[in-house]
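Trainee: Please take a close look at one aromatic cluster and its surroundings. I would like a connected account.

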Amino acid sequence: MSTAVRREFGEGPLSRGAALVYTLLVVELLLLLCAAPGLAALFALERHVSNLPLVAVCAVPLGPALSAAVYALHRQRLDLTDLHPWRLFWRGYRANLAGSLLVWVPTLLWLTVIAVNLVNLPAAGVPAWWAVPLVLVGAGVAVVGVNALVITSLFTFRLPDVIRLAGYFVLRTPLVPVGTALLLVAATMLTLVASEAALAALGSVLALALVRGGEPMIATIRKEFVR
């Protein structure tokens with residue numbers, strides 16, 4: 001009887017909702033803690049295009065933190081009787097630190113190069129229509145990079161395999177990259193309209209959206225590429 005009552009308490013809708021809120025809050029605090037050095041420097045920077053390379057450097061700690069958040073949110077059961085998001089977060093952070101940086105840093109580098117070229121098009125005398133292919137390439141790099149971060153956060157593959165899978169699933173599960181692209185657009189608009197602080201405050205929600213939106217890709221990888 002006590003087992004049945006406990007199961008009902010821990011797995012009911014209200015309990016699951018409370019567990020989700022608690023998990024998101026804990027993961028958010030840990031994410032901010034891990035990304036704090038870069039975020040502190042980022043908030044001190046002036047909003048000017050000349051600071052784009054410095055913005056990329058400040059964003060480096062965010063990659064492993066976001067990877068750990070994805071790991072924790074994917075594995076945490078929403079049961080009030082068994083909540084350990086902090087333990088899962090640190091486990092994911094330690095396990096994925098190197099892999100996430102190998103994915104995150106090149107992605108930031110490519111995006112920085114593209115952004116610098118975009119803002120300097122008029123000064124370089126390049127036709128304005130060049131902005132279109134640059135934006136498309138940037139969007140592709142961002143989507144593949146985020147896919148790769150999710151994959152390396154949840155699975156153990158070699159880096160070349162991670163990149164190949166990230167690109168492969170852009171076509172295999174088109175709803176995943178579309179959802180990721182819309183999420184990135186929303187994050188960019190929030191940063192432009194509000195501030196980086198507003199985006200940082202929603203870091204765990206962003207990680208949860210990546211997990212939920214990436215479920216088709218995650219399920220297919222587990223079924224077809226994991227033995």
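Mentor: Rings of Phe, Tyr and Trp (its six-membered ring) count as a pair if their centres lie within 6.5 Å; planes under 30 degrees apart are called stacked, and those over 60 edge-to-face. The model is predicted, and it holds eight aromatic pairs. In one of them, the rings of Phe-89 and Trp-90 have centres 5.5 Å apart and planes at 90 degrees, so this pair is edge-to-face. In another, the ring centres of Phe-89 and Tyr-93 are 6.4 Å apart with planes at 15 degrees, which makes the pair stacked. Phe-89, Trp-90 and Tyr-93 together form one aromatic cluster.

Phe-89 and Tyr-93 both belong to helix α5, where four residues, about one turn of the helix, separate them. Both are buried; for Phe-89 the relative accessibility is 0%. Trp-90, by contrast, is partly exposed, at 30% relative accessible area.

On the inner side, Phe-89 is one of the residues that touch the most other members of the largest nonpolar core, which has 43 residues; Leu-73, Ile-151 and Met-217 are the others named. Elements giving two or more residues to this core include α2, α4 (62-75) and α5. Beyond its neighbours within four places in sequence, Phe-89 contacts Val-27, Leu-30, Leu-31 and Cys-34, along with Ala-65, Ala-68, Ala-69 and Ala-72.

Leu-33, in helix α2, counts as exposed because its relative accessible area is 54%.

Conventions. Residues are numbered from 1 along each chain as its sequence is written. This is a predicted model: local features need pLDDT of at least 70, side-chain atom pairs count only at pLDDT 80 or more; totals for chains, interfaces and linings use all residues. Side-chain values use heavy atoms; hydrogens and water are left out. Buried means under 20% relative accessible area, exposed over 50%, partly exposed in between (1.4 Å probe, protein chains only). A nonpolar core is a set of buried Ala, Val, Leu, Ile, Met, Phe, Trp, Tyr and Cys residues joined through side-chain atoms within 4.5 Å. Contact means heavy atoms within 4.5 Å.
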